[in-house]
Amino acid sequence: MRPARALIDLAALRHNYRLARTRHGGRALAVVKANAYGHGALRCAQTLAAEADGFAVACLEEALALRAGGIAQPILLLEGVFEVTELEQVVQHDLWLVVHHEAQLRMIETTALAARLHVWLKVNSGMNRAGFVDAAVAAAWLRLQASGKVAAITLMTHFAQADEPQLSTTLEQIERFDRAAHGLSGAHSLANSAAILGWPQAHRDWARPGILLYGADPMPGENNGLQPVMSLLSSVMAVRDIAPGEALGYGARYVATRRTRVGLVAMGYADGYPRAVPDGTPVAIDGQASRIIGRVSMDMLTVDLSALPDAGIGSQVELWGREVAINRVAAAAGTIAYELLCNVKRVSLSYLD
Ligand SMILES: *Cc1c(COP(=O)(O)O)cnc(C)c1O
């Protein structure tokens, strides 16, 4: 069997959830949207079910998959509903929903519902992507109350730059949220992972940890004690020596300057490993540091084994995980860990507990 695989450490997931809850205080919705950032949503939710206060997903389809798998905790739809027919399912499956724009508000006002909703009313505090702004927040809150269809309203907002601790924009967003929420009853939820770790002023009733659950630290240059959950692994399937002046791989990007022992690894961009990484991007081979040389292709990539005489066919390669921090690979690829994790595909997911 092709050895490319992603090993998911469920004990690390639990560790990270507990860390989020402790650092923030109050309750925490574990964000498992996008298949739990590539880690398998149902399996991750089941792992946290005994202790998680609830879960958050992007949409109804993701929530229904969790309910079908036996998840009974609160589940929040972070984008709310897209059409009015979904409201019936929200009630039927006892889901919570974000309301972030006028059309969603009108759907609630104009639809007869069999039970009352738990709404998370989204405040646009400066990110300008979704939510009601300033005085429109109180107006939306009053309309929800007046509809008679709402059992509880939680006020939430989302930060654009919480992972940039030197900026004041997160504090400005918090102040703008507090002004908009002033006098409105309901729990508050402000903090994503970066705000859990970096902005105590954003710690309120509910946290919404996503990336930190999966062990990728969103705060630059910090060690917050997160444990990596996914190890992207494969092995060396062939070895060859190339002479000085010989080129390696597509585009002949890497040209050997000395005799080079090249390991061929079963992992490529069709598995979600980023094609954009340059020569020198870190990998670990049987626990020792090595580097990518040559362009990543669809199903294979090449590594430098010149300094690892004991490595050869069958050697284990870690592309990211405990030895190679995913943030280093993301930086090399010009992207963020979120994107790398969500893009993992074709490889089998196996679970360790
Ligand atoms: C995805 C998402 C989160 C989680 O963000 P992280 O940066 O992964 O912690 C929190 N809140 C909302 C509204 C989201 O969409």
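Start with the ligand: select it and you'll find it sitting in the largest pocket of this predicted model.

Now show the residues around the ligand. There are 14 of them, and Lys33, Tyr37, Ser193, Ile211 and Tyr338 come nearest. Color that shell by class and you get 7 nonpolar, 4 polar and 3 charged residues.

Pick Lys33, where an N or O atom in the side chain is 2.7 Å from an oxygen atom of the ligand. Move on to His158, which has a polar side-chain atom 3.5 Å from a nitrogen atom of the ligand.

S14 takes up residues 282–285 and S15 residues 288–291; they run antiparallel, joined by 4 bridges. Together S14 and S15 make a hairpin with 2 residues between them. Zoom in on Ile285 and look across to S15, where Gln288 stands opposite. Last stop: Asp286 in the turn, which has a positive phi of about 50 degrees.

Notes. Residues numbered from 1 in each chain as written. Predicted model: local features only at pLDDT ≥ 70, side-chain atom pairs only at ≥ 80, totals over all residues. Heavy atoms only, no water. Pairing = 2+ DSSP bridges. Near = heavy atom within 4 Å. Polar contact = N/O pair within 3.5 Å; in protein donor to acceptor, adjacent residues only side chain to side chain. 1 Å grid on protein atoms, 1.4 Å probe; cavity = no way out; pocket = protein on both sides within 12 Å on 5 of 7 lines; lining within 4 Å. Sits in = over half its atoms within 2 Å of the grid points. Nonpolar A, V, L, I, M, F, W, Y, C, P; charged D, E, K, R; others polar.
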